[in-house]
Amino acid sequence: MIRAEWTKFRTLPGLPWLVLLLVVLTVGTGAAATALVPCCDVLPSRVSLAGVQAGQIAAVALAVGMVAGEYSTGMIVVTLLAVPHRGRMLAAKALLVGGVTLAGALVAITTSAVIGPGVTPTAFVGSIVYLVLVSLLALGVAAAVRDTAVAMGVALGILYGFPLVIRMIQDPVWQERLAWISPMEAGMAVQGGIASIGPWAGLAVLGVWAVGALAVGRSRVGGSVGAVV
Amino acid sequence: MIPLLRSEWTKFRTVRGWVAGSIVAVLLTVGVGLLGAAGTVRSCQGPQGDVCPEIPIGPGGQAVHDRFSFYHRALPGDGSITVKVADVSGVITYPPPDHDKIVPGVVPWAKVGVMVKQDLRQGSAYAAVMVTGAHGTRVQDDFVNDLAAGGDPWLRLTRSGDTLKGESSPDGTSWRVIAERRLKGPALIGLFAASPCDVTLSQGALGGTIGACRLTNVTGKFEDVSVEGASGTWTHDDVGGEIGAPTLSVGSARVWGSTIQLTGSGDISPAGMEGGAVVERTLTGASIGLIAVIVVGVLFVTAEYRRGLIKATLAANPGRTGVLLAKAAVVATVTFAGGLVAAALAVPVGIGLMRDRNNSIAPITALTEVRVIVGTAALLAVTAVLALALGAIFRRSAAAVIAAIMLVLLPQLLATASVIPSSAAQWLLRVTPAAGFAIQQSIPAYPQVEDYYIPALGYYPLPPLGGFAVMCGYAAVALAGAIVVLRRRDA
């Protein structure tokens, strides 16, 4: 089953390119931040891994492409005929998307760490896990809404919406409340600097979002294929 | 063109998802904006409990800082004051790098000089000729107007009738008129000294910029002070002075013969973003609503490709430019209308919410408020056109949505919520379509006020219409590119 998903991923135009985009965006933005930020004022991990904020777009696109892409071409019918069990099909996709993102993130984060001013082990491992969880969150969203553009909008809205709003309100109490429920803001705490949340609790917030999205996706996936195709 | 428009409008209106997407954009814009407004809470601990001080309003309607040391006499009618600024010195508390000493020094915008002011009320009209710490001799009036005038030490203000004349001179004999202003009625004439706090910016550990502002004061030594036409005795007042203020910020005057030494702190300037909560805070939702707008804009084209409808569309209207322009017109109009409703709703309701939370609202002119509201709607509409064009270029939803979000939203995010230093953030907001957000900025940056003019605090590097023009440029280029590829390619 995973082999089938792998073949689809490998042969679809675009999807392998998204892994490259993930690496390029992450490393490029990180390198730019490294070049721009004056030494030693800012947490080194945050600077080296600044590219994660941009690279996650590719992780989202990858996951969305794997699911919503099938709905748009009608391929989902074939997939579901071959694997009638919806949960197993989603699990196979999750494994594949997670695995591919893991591979891409490993390359991207390692390169960024080498280029940048330094990375703590927590930030290194955490940022890779972060990208994988983001891809799973997007996979769940895509399974739930089944349309490429809408899924990307929803997933990126969930990710980018909170930090934008947090920066624009100025009450620290509200900022912290929102940071606690924001997958991106809390998740990025693995890179240090947010003492009130802490690295692993922050990743857990993102994990809850990912699990929640996958659960919603599981309940909706393949529900009424006929209406979609 | 009309039938094209009608057919595109019919398509838009009958596809449930597109209408729903447009409604979601409105709801997100209003909802998130009001959330931001509700999260703007101000509390002021003072002797009277949680009562915030009133922010003075200048003659031009702006919120202003008006706190300085004023040594003055009454000026019932015509008159003049002439002085020579012999020396400017001052004190800066705890400057970088170690922030551990109080040192002598004068901040760049410390000012000492002569002033005619309507009365002692904060925010009343004035005109002044002054010597500044590092910006030479200047004429300023009514808080927002500022004129550079070389570096002469002799200053003079003359009133005849309703006209005030500001002059400077290198030697006290040959005078040069710098500016003329109008100021009617009985007024006060005298010497003033003000020294704004020392602004330093540092990088926060999470990136972004942390500003600090530390108390300073300035002492001006005026020689050969001569006043004509004034009545009453010399009096010293700290305009806007507070009981229990730090000793260094309390002004004083010492007199021997025609020499006067005046010490003061504070500033006479527009208050900028410190003048209260800004209107655009109620419109933060627009950047989230933007995502829904992008999705609708992209789908309006890509869905046709996915379902093959584009063949029917192009068979019916072989003029491909017209089809794309009609689509752009429809999606822009719908988004603009939705954005206008959203902004016109979010601003008054949001202002009410912020007022309930003890905020004073930074006053702006009605024209500015209209610009912010209509500008937000236009921002959404232009983004929709950009997304539509990208959809036509890529023909695939995923690529178009990625491109649009990377162009419009990512720069805004990196500029305000990342480690990138503010100089780089300003460049991002100059050269990307995100520059268009400048149209939401209601309070301008004033060159004569030292402040943190950085994107993270809501100051965009380009003027409102300039930034919006950058965004329109991107949309126009993308639309032109889309027309070119649509004409070249098979459907």
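**Ground rules.** I am working from a predicted model, where local features need pLDDT of at least 70, side-chain atom pairs count only at pLDDT 80 or more, and totals for chains, interfaces and linings use all residues. Residues are numbered from 1 along each chain as its sequence is written, with chains lettered from A and ligands numbered from 1 in the order in which they are written.

**Domains.** I looked up the domain assignment of chain B (bounds are from an automatic or database assignment). It gives domain 1 as 2-40 + 276-488 and domain 2 as 64-270. Their centres, taken over C-alpha atoms, are 44 Å apart. For their contact I counted residues whose C-beta atoms, placed from the backbone, lie within 7 Å. Domain 1 of chain B gives 13 residues and domain 2 of chain B gives 15.

**Chain B against chain A.** I found 42 residues of chain B in contact with 36 of chain A. Helices H2 (16-38), H3 (286-307) and H7 (397-416) and strand E15 (198-203) of chain B each give two or more residues. H7(B) gives the most, 12 residues. Elements are DSSP runs, numbered from the N terminus: helices are H or I, at least four residues, and strands E, at least two.

I then checked strands E12 (residues 163-169) and E13 (residues 176-182) of chain B, which run antiparallel and are joined by 6 bridges. Pairing takes at least two DSSP bridges between two strands. Leu164(B) has Arg181(B) in E13(B) as its bridge partner. Between the strands lie 6 residues, and Gly172(B) in this hairpin takes a positive phi near 90°.

Technical notes. Contact = placed C-beta atoms within 7 Å.
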